[in-house]
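In these entries I record what I looked up in one structure.

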Amino acid sequence: MVTYNSRATLPRALAGLQTSIERGLCDSIVVVDNDSKDGTADYVRAEHQAVHLIASGQNLGFGRGNNRGFAHAHTEYVLLLNPDAELQPDALRELTAFLDQHPQVGIVGPAIRESGHPDQPAFRFPTPGSVLRAALGRLGGDGGRVAEPIANRRYPVDWLCGAALLIRRSLLQTLQGFDPRFFLYFEETDLCRRALRAGFATWVLGDVVAGHYGGSSAKASQRVMWEGCIADHYFRSRYHYMRKHHGRAVAFATELLEIALMVIWATGRRLAGKPSNGRLALRWSAPILRLPAAVNDEPLLAAPTALAAQGRAR
C-alpha cells in the first residue's frame, strides 16, 4: 500500500486487511509512505505497529512506491491496495482462489465501486488512434474511449485500475515491477501490457467488489486536472507509454496531431457560434512532447529481506 496524505482514508483500508490477516488470508502488510504531510506515517507507527512501514522521505510516485514495497514481498501473491480502497476478506479469498485455479492468469482484480457511482471500468490498451479520436470529441465516433463497463462475470481484459490488484510475485520478479519512470498514471497499463507479452493475462472478477473513495490524493493536490487526473503527470506518462510501446516517431506524431485536431475542433465550434469547453486551452498548458524524469532504481526482489522471517509463503 502506497500512501500520500492518506490519513483520512487509511484506517478503513487497514481495517479490512487486518481482518484478512486474522482469518489467515493475508500474511503481512507493507505501507510505503511517500513523505505525507498530514501525519499518515505517524498514524501507522502509533496505531498499527504490526504493519511494516517504509517512510520513503520523498514522493516516489505510485509505481516506484509500490516497487519499494515489492522488495519486501515473500508470499506467492502480492496485493496492491490503494489507501482509499477497501477489500473485504471474502473478496480477497475469491481473488486468491482464482489465481490458484488459473496458472496463466498473472493479474486479477475486482470490480471497484464508489458510493453513488458506477463501477470503475475495465480498459482497452490506449493507442495512437484512440488518442486522436478522443481529440475530435463526438466527431471521433467513440471519442477514443478505452474504457468498458465491467460486466457481472469473470473475463480477461487489457488492463485494470491499480486501486486493488492481486499479482503473482513471480511475475513481478520477471517484470521487475512497475516501470519506475511512470511517476503517476499509465504504470498499471504498462505493467499489464508487459505481463501479456510475458504470457500472463489480466482478468477482472465482476462478481467480486472492492470499495473505493476515488483519487483522494490527486483531488487534494489542487493542481490542474485533465479528466480527473493531474494533467502534468498524465501527459508526461502518456507520452512515455506511447514512445515505449509504439515507437518514438509515432508518439511524436500522435502528440502533434492531437493538438492540431483539437485546434480544428475548437475552430469549428467557434465558427458555428458554439462555446468552447476549454479543453484546447487546458491541453495547450499541459506538457507536450515531454517525458517524466528518468530514474535509476535498484532491481526488485533480488534477495530475501528481513520481512521474510516474519511469515511464510502461501
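Entry 1. I looked up helix H1 (residues 10–22) and helix H2 (residues 40–47), whose axes come within 11 Å and cross at roughly 40 degrees. Helices here are DSSP runs of H or I with at least four residues, numbered from the N terminus. Axes are lines fitted to C-alpha atoms over the stretch in contact, and angles run from 0 to 180 degrees between N-to-C directions. H1 and H2 are therefore oblique to each other; angles under 35 degrees count as roughly parallel, over 145 as roughly antiparallel, 65 to 115 as roughly perpendicular and the rest as oblique.

I noted which residues make the contact (heavy atoms within 4.5 Å): Leu-10, Pro-11 and Leu-14 of H1 with Thr-40, Tyr-43 and Val-44 of H2.

Entry 2. The model is predicted; local features need pLDDT of at least 70, side-chain atom pairs count only at pLDDT 80 or more, and totals for chains, interfaces and linings use all residues. Residues are numbered from 1 along each chain as its sequence is written, and side-chain values use heavy atoms, with hydrogens and water left out.

Entry 3. I found Arg-283 in helix H11 (residues 279–285). Arg-283 is buried, at a relative accessible area of 0%; buried means under 20%, exposed over 50% and partly exposed in between, with a 1.4 Å probe and protein chains only. Beyond its neighbours within four places in sequence, Arg-283 is in contact with residues including Trp-226, Phe-235 and Glu-255.

Entry 4. I located Ala-266 in helix H10 (residues 248–271). Ala-266 counts as buried at 6% relative accessibility.

Key:
Helix = DSSP H or I, 4+ residues; strand = E, 2+ residues; numbered from the N terminus.
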